[in-house]
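The sequence and the structure come first.

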Amino acid sequence: MNFKKLSILTLVLVALGLYFFLYEDKKNAEKKEVEENAKKIIIFKPDNVEKLIFKKDGKKIVFSKEQNRWMIKEYIVAKGDNTAITNILHVLQKAEIERVVNEKPDDLSAYGLKEAPLEITVKEKGQPPMESILLGAKNPTKYYIYLKKGNSQTVMITHSGLKDEFNKDINFFREKKLFNIKIEDIKQLFIKYEGKIADLRLDDKQDWQIIEPIKAKADGVTIRRMLYNLINSKVEEFVEEQPKNLSRFGLQNTRMEITFFTEVDKPLKTLLIGKGDKIRKGYYAKWKQKKNVFLIPQDSVRFYPNTEFDLRDKSVIEFNKDKILRVELHYPKEKIIIKNTGKNQWDITDPQRIKADEFVISDLLWAVLDLEATSIVTDKPKGLNIYNLNNPIIKINLLEEGSDKSISLLVSRVPKEKRFLYAKSSTRNTVYKISSAILKDIIKTPFEIRDKAILEFKNEDIGRVLLNYPDKTISINLTKEDWVAEKPEKVKLYKTAVVSLLWDLKLLKFKEILSDSSKKLPANTVFEKPKVHITLWDKKNVKIDSIVIGEGLSGNKLLYAKLESKQIVYTIDSEFLGKLPDKISDLK
């Protein structure tokens, strides 16, 4: 036999082998499927089911799938729980016959199947209803239940868990989510409070505004919290389908009532919220358009506004913090003027010209912006003098970029009251009460506002740092992009550790300037034997400055510090020394 014929025969054998392998594999798969299907109680595809019916204790329950949404059609009409109904279909599909008990029983009642307590029928799309399944009593082991199909007399058994799944109350299969609305789709609300109905609407800036019974900005945070809690709530319990007396649930004349709009002036649905039930830990509620009463969790109404004050925005003043160019602080005995010199750099211009601390200014502006009322005194003040606002203890003027008129805040004392103050801004007519605790955040002295940094430099400009201690010297240099120690040994350093050291030096702040005070200056000996002497150079090896830190007073937590460039003596916190590297390994 020549090589060509041998090759052809080999290919034929391979093809035959592959054919028989695939054929046998397919045949085995089909055989396995037939064997598995033979064990199943019923054969269907859950995704193809359009109707599920079961009769339980004389009641007929019908689930119908409409546009991929399960509905309950009998014996109540309600939205179904897609997950719960889909799960029970999968349980039924996987249920298997354990064995045949009796093919021709004389009496089905012995198996609880003469008048079966549970009958299940499945219907797939475009197909007639499948043969019904009847589930009867449990067998003596209680582990199995008897079953039979349609008109067949054959009695079989399956696991009792199948009956348990279908024996659940109809409410288990109901949709329990209170809403199918997205918060961002809600454009208007009617909220009942104190017997009144408030009309709230979203404006173009997506802020909630009260339209009726007053015109005012609403508390957007409270409204959104309320909506979030309600929309994410689930029904705890379906209490009554056809209540004859709504008053026993507090739903006849409700204290809480909300109407939702996804389009302005076109109400979508109204939720009535009645009495609270301490035992069940919830509130009775119903949709105005429907009859059934259900229970919602206590947290659902946690942020429900019950008064006009709850509804209203509690901020006292409005401004854009990032656009403030000038701040004026007027106190009874002092005036401070601060100007923005650009990129959050601030200078005090009055009572003296000096650099201000940008972080202190930022905190001050946030404190003013975050001012919240504890109550509303009046929306129509007849005069400022009635509230002592013509003689305020604090007046703050803020000038915004692009405006030639300042925004002002007035704060005055409430007669015979220490806990509260009156406040009014130029942005609103309303007079508020605010907590007097705010005074510590908005009353500042020039010294508190001034920049207290001792060393002035930019981290990226530093090329060399020298730290001289009484017993050692640490010298570090920037070589290209790497920091390297020259003393006490030559070694490459961890860049982050060096940057951290530079930030500690940059953020070193004084507690007081002794040369500007009546306090006695330290003796020269304090700086002759300092605790540390730190010198900084730039990348061109030009000295930036040098600071000497000496011993402080006995028992005092402050140290003395002196700059070479200014010859000014400061006091600093003694904890600063703990931030400095004690040995070169601290920078590795």
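## A helix and its neighbouring strands

Helix H9, residues 495-506, has twelve residues and spans 17 Å from its first C-alpha to its last, close to the 16 Å expected at 1.5 Å a residue. The model is predicted.

Which residues of H9 are buried? They are Ala497, Val498, Leu501, Leu502 and Leu505. Seen down the axis of H9, these buried residues fall within an arc of 140°, so they line one face of the helix. An α-helix has 3.6 residues a turn, so residues three or four places apart point the same way. The buried residues of H9 pack against strands S28 (462-468), S29, S30 and S33 (532-538).

Two of these partners, S29 and S30, are also joined to each other, and S30 is joined to S31 as well. The table lists both pairings.

| Strand pair | Direction | Bridges |
|---|---|---|
| S29 (residues 473-479) and S30 (residues 482-487) | antiparallel | five bridges |
| S30 and S31 (residues 491-492) | antiparallel | two bridges |

How many residues lie between S30 and S31 in their hairpin? There are three residues between these strands.

Technical notes: Residues numbered from 1 in each chain as written. Predicted model: local features only at pLDDT ≥ 70, side-chain atom pairs only at ≥ 80, totals over all residues. Heavy atoms only, no water. Pairing = 2+ DSSP bridges. Helix = DSSP H or I, 4+ residues; strand = E, 2+ residues; numbered from the N terminus. Expected span 1.5 Å × (residues − 1). Buried < 20%, exposed > 50% of the residue type's maximum accessible area, 1.4 Å probe, protein only. Arc of directions from axis to C-beta. Contact = heavy atoms within 4.5 Å.
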